[in-house]
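Thanks for coming. I will take you through one structure, starting with a residue from its core.

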Amino acid sequence: MDKLNVKRSSRLLVMLYNEWRKHENIERPLKIEWNVMHMFSSSQLAKLYALKYEIDFELCSIIAILHDIAVVEGKFKSDHDSLAQKYVLGAINRYNNEYRKKLDPITDEEIEIILSAISVHSDKEIFSNNRYVEMLKNVDSVDRYLYGIKTEEAYSTRTESFLKDLNIL
Ligand SMILES: [Fe+2]
């Protein structure tokens with residue numbers, strides 16, 4: 001099998017893990033441990049999703065890594081998608097300007113796709129033709145399901161459709 005090129009997303013994961021593990025659980029909408037677990041596992045599910053549907057797997061992984069950053073850094077729960085832009089851009093700047101060292105930067109074109117997916121990912125009941133928007137909503141739904149979180153309505157539709165496509169259901 002060909003080796004997957006995911007060096008940038010792995011570096012980004014390490015950067016955010018090193019930052020996030022220093023947070024304490026004070027006045028936080030969700031425990032930081034949850035956000036760290038969900039960041040790692042949704043990033044891996046995003047790669048599986050990308051391989052299945054033949055979209056850019058590293059970009060999918062980066063989107064998943066960053067998708068709940070406003071919950072962690074802004075302590076937002078509702079509207080954490082529409083308020084994410086400044087936190088997403090901040091993390092990408094830290095990655096591009098320092099943490100990536102000799103790895104390629106995350107490009108402006110990629111940033112546009114990343115923001116378009118993250119900014120609407122809470123609206124699970126809205127389906128669109130944007131493959132990266134759908135990827136994030138589906139991966140977010142499946143990851144919650146795999147942690148035993150009650151999965152209903154659009155979350156259930158999305159989880160079932162991905163698991164069926166993987167021949168699991
Ligand atoms: Fe999420």
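**Core, a buried glutamate, and a helix crossing**

Let me begin with Ala46. Leaving out residues up to four places away in sequence, Ala46 touches Cys60, Ser61, Ile63, Ala64, Met135 and Val139. Keep in mind that this is a predicted model.

Ala46 belongs to the largest nonpolar core, which has 38 residues. Together with Cys60, Ile63, Leu66, Val88 and Leu136, Ala46 is among the residues that touch the most other members. Which helices each supply at least two residues of this core? They are α1 (7–20), α2 (32–53), α3 (57–66), α4 (69–73), α5 (85–99), α6 (108–118) and α7 (131–146). The largest share comes from α3, with eight residues.

Staying with α3, that helix also holds Glu58. Is Glu58 buried or exposed? Glu58 has 21 C-beta neighbours inside 10 Å, so it counts as buried; the cut-off for that is 20 or more. Apart from neighbours within four places in sequence, Glu58 is in contact with Asn5, Val6, Arg8 and Ser9. Val142 is 84 residues from Glu58 along the chain, and their C-alpha atoms are separated by 19 Å.

Val142 brings us to the last item, the contact between α7 and α8. Helix α8 covers residues 153–165, and its axis comes within 8 Å of that of α7, crossing at roughly 95°. The two helices are therefore roughly perpendicular to each other. From α7, the residues involved are Lys137, Asn138, Ser141, Val142, Arg144 and Tyr145; from α8, they are Tyr155, Arg158, Thr159 and Phe162. By type, this contact has four nonpolar, three polar and three charged residues.

Methods. Residues are numbered from 1 along each chain as its sequence is written. This is a predicted model: local features need pLDDT of at least 70, side-chain atom pairs count only at pLDDT 80 or more; totals for chains, interfaces and linings use all residues. A nonpolar core is a set of buried Ala, Val, Leu, Ile, Met, Phe, Trp, Tyr and Cys residues joined through C-beta atoms within 7 Å. A residue is buried if 20 or more other C-beta atoms lie within 10 Å of its own, exposed if 12 or fewer, and partly exposed in between; C-beta atoms are placed from the backbone. Helices (H or I, at least four residues) and strands (E, at least two) are DSSP runs, numbered from the N terminus. Two residues are in contact if their C-beta atoms, placed from the backbone, lie within 7 Å. Axes are lines fitted to C-alpha atoms, for helices over the stretch in contact, and angles run from 0 to 180 degrees between N-to-C directions. Angles under 35 degrees count as roughly parallel, over 145 as roughly antiparallel, 65 to 115 as roughly perpendicular and the rest as oblique. Ala, Val, Leu, Ile, Met, Phe, Trp, Tyr, Cys and Pro count as nonpolar, Asp, Glu, Lys and Arg as charged, and the others, Gly among them, as polar.
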